Amino acid sequence: MTTPAWLSALLGVSSLSEGTTFELGGQPFTVRDGIPRSQVLISAAQAQTSDTFGYKWQKRDTFESPASLARMRGWLIERYGDIANAPWLAEHGDQPLLIDAGCGAGMSAIELFGAVLPRLRYLGVDVSAAADVARKRFEERGLPGAFLQADISDPPLPEGTVDLIFSEGVLHHTNSTEKAFLSLARLLKPGGRFLFYVYRRKGPVREFTDDYIRERLQAMPPEEAWRAMEPLTSLGVALGELDAELDVPEPIELLGIPAGRISVQRLFYWHVAKAFYRPDLTFDEMNHINFDWYVPTNAHRQSPEEVRAWCTAAGLTIEREVVEDAGITVIARKA
C-alpha cells in the first residue's frame with residue numbers, strides 16, 4: 001500500500017518515504033515500514049495497554065471468522081445506525097477526512113463504514129503495532145487508507161482539520177478518557193462529527209471483580225495473560241451451554257441487579273464477572289473478547305452523565321445516544 005499524497009499535505013511534510021524523520025505537533029516521527037511512528041515515550045500503563053492490544057490484534061484467527069465479523073457488524077449498526085447510508089454523511093462533502101482514533105486492526109471501521117470507505121480519506125491512528133495489522137487488512141481488501149502510530153491522547157494533527165472522528169471502544173484505554181476525548185474533539189472542523197463508544201460503569205460486584213482480575217493480570221506478559229483467561233472463558237461456555245433461566249423477583253438495588261427473567265449465564269456475565277458466550281463463536285474468539293476486557297491496564301468506566309458533560313465542554317451536540325449495560329455510544333456534532 002502506497003502512502004496517499006493527502007497524508008503528506010495533512011501532516012505538512014514534503015516526503016513520507018522510508019526512513020524519513022520529521023517533527024509534528026512537537027513530537028519526533030520516523031517513517032518505518034510505510035507508517036509514520038511517534039518516538040515519544042508513553043506512560044507505563046499506556047505501554048502495557050499498547051503491548052496488550054498489539055498482541056491481541058495479531059491473533060487474527062481469533063476475530064476474523066465470518067461469524068465474529070458478522071457479530072461485530074450487527075452490534076455496530078445497532079448502536080451507530082447504518083452509517084454507510086446516513087443522510088448526514090453528504091454534509092461532509094467529497095472525500096471527508098476520517099480519523100479512526102485507536103484503529104486496532106481496522107475491524108470496526110471496515111465493518112461499520114464498509115462500502116463508503118473508498119470515498120473517505122481514512123487515517124487509522126493507534127499507539128500499538130496493531131496499526132501494521134490494520135494496514136495489511138486494508139491492503140488485502142483493496143481499501144485505500146493511511147496509518148499513523150501515535151498516542152490518541154496527544155494527537156499530532158492540526159486543530160479544526162478533521163471532518164469525522166471514529167473511536168470505537170478506545171478512549172477508555174488511555175490514561176484519561178476525558179483528556180483523550182477533549183484532545184480529539186479539538187481536531188474537528190465546525191460541523192464535524194465524533195462517533196465513539198466508551199465503557200459504562202457496572203454494578204458493585206462486577207466492578208470489584210473487574211478491578212481484581214485486571215490487577216492480577218498486570219504483571220503477566222500477554223501470552224501468559226491469554227492463557228490465564230481461558231478458565232474463565234470455559235466457565236462462560238459452561239454457563240451458556242447450561243441454557244437455564246431464572247426470575248429475579250424484585251430489584252436488588254444494593255447490587256444493581258434489576259428484576260426480571262434472565263439467563264444464568266447473563267446474570268453471571270453482567271453482575272459477577274465478564275465471561276462472554278456465543279454458540280456461533282469459537283473458544284478462542286470468546287477468549288479474545290474476555291482478554292480485550294480484562295488485560296489492558298487502562299480500562300476506565302464512565303457514566304452517561306460524565307459523557308454528556310464532556311460533549312458540552314467540547315462544544316458538541318449529541319445527535320444519537322445509545323446507553324446499554326456494556327457502554328455508551330454517541331454521535332455528536334461540533335457547533
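Predicted model: local features only at pLDDT ≥ 70, side-chain atom pairs only at ≥ 80, totals over all residues.

1. Salt bridges as a whole. The count of salt bridges in the model comes to 27.

2. Arginine 137 and glutamate 64. These two residues form a salt bridge in which the closest N and O atoms are 2.6 Å apart. The pair links distant parts of the chain: arginine 137 belongs to helix α5 (residues 130-140), glutamate 64 to the loop between α2 (44-58) and α3 (66-80), and 73 residues separate them. Arginine 137 is buried, because its relative accessible area of 0% falls under 20%. Glutamate 64, at 22% relative accessibility, counts as partly exposed.

3. Arginine 79 and glutamate 168. Here the side chains meet in a salt bridge with an N to O distance of 2.7 Å. Arginine 79 is part of helix α3 and glutamate 168 is part of strand β7 (residues 162-168), so this pair ties together parts that lie 89 residues apart in sequence. Both arginine 79 and glutamate 168 are buried.

4. Lysine 189 and aspartate 163. A salt bridge joins these side chains at 3.2 Å, N to O. Lysine 189 sits in strand β8 (residues 188-199) and aspartate 163 in strand β7, so the bridge ties together parts 26 residues apart in sequence. Lysine 189 counts as partly exposed, with 28% relative accessibility, whereas aspartate 163 is buried at a relative accessible area of 7%.

5. A salt-bridge network. Which residues do salt bridges with shared partners join into one network? They are Arg60, Glu64, Lys136, Arg137, Glu140 and Arg141. The pair of arginine 137 and glutamate 64, with its closest N and O atoms 2.6 Å apart, therefore has both of its members in this network.

6. Isoleucine 35. This residue lies in strand β3 (residues 35-38). Its relative accessibility is 0%, so isoleucine 35 counts as buried. Not counting residues up to four places away in sequence, isoleucine 35 touches Thr30, Ala131, Asp132, Arg135, Phe147, Leu148 and Gln149.

7. Serine 108. Helix α4 (residues 107-113) contains serine 108, which counts as buried at 14% relative accessibility. Leaving aside neighbours within four places in sequence, serine 108 is in contact with Met72, Leu76, Phe166 and Glu168. Glu168 is also the partner of arginine 79 in the 2.7 Å salt bridge. Serine 108 and serine 167 are 59 residues apart in sequence, and their C-alpha atoms are 9.1 Å apart in space.

8. Serine 183. This residue is found in helix α6 (residues 177-185) and is buried, with a relative accessible area of 7%. What does the side chain of serine 183 reach at 2.8 Å? The backbone oxygen of lysine 179 lies at that distance. Not counting residues up to four places away in sequence, serine 183 touches Ser153 and Pro155.

9. Cysteines. The count of disulfides comes to 0. Cysteine 103 counts as buried, with 6% relative accessibility, and cysteine 311 is likewise classed as buried, at 1%.

10. Positive phi angles. Most residues other than glycine have a negative phi. Aspartate 33, in the loop between β2 (27-32) and β3, has a positive phi near 55°. Aspartate 243 has a positive phi of about 50° although it is not a glycine; this residue lies in the loop between α8 (222-242) and β9 (245-248). At 70% relative accessibility, aspartate 243 counts as exposed.

11. Nonpolar surface patch. Val205, Ile252, Leu254, Leu255 and Val272 form a nonpolar patch on the surface, and their accessible area together is about 410 Å². Among them, valine 272 belongs to the loop between α9 (264-271) and α10 (283-294). Why is valine 272 classed as partly exposed? Its relative accessible area is 31%, and this class lies between the limits of 20% and 50%.

Methods: Residues numbered from 1 in each chain as written. Heavy atoms only, no water. Patch = residues over 30% accessible without salt bridge, like charges linked within 9 Å, V, L, I, M, F, W, Y side chains within 5 Å. Areas by Shrake-Rupley, 256 points an atom, 1.4 Å probe, with all protein chains shown as cover. Salt bridge = Lys/Arg side-chain N within 4 Å of Asp/Glu carboxyl O. Helix = DSSP H or I, 4+ residues; strand = E, 2+ residues; numbered from the N terminus. Buried < 20%, exposed > 50% of the residue type's maximum accessible area, 1.4 Å probe, protein only. Contact = heavy atoms within 4.5 Å. Disulfide = S-S within 2.5 Å. Polar contact = N/O pair within 3.5 Å; in protein donor to acceptor, adjacent residues only side chain to side chain.
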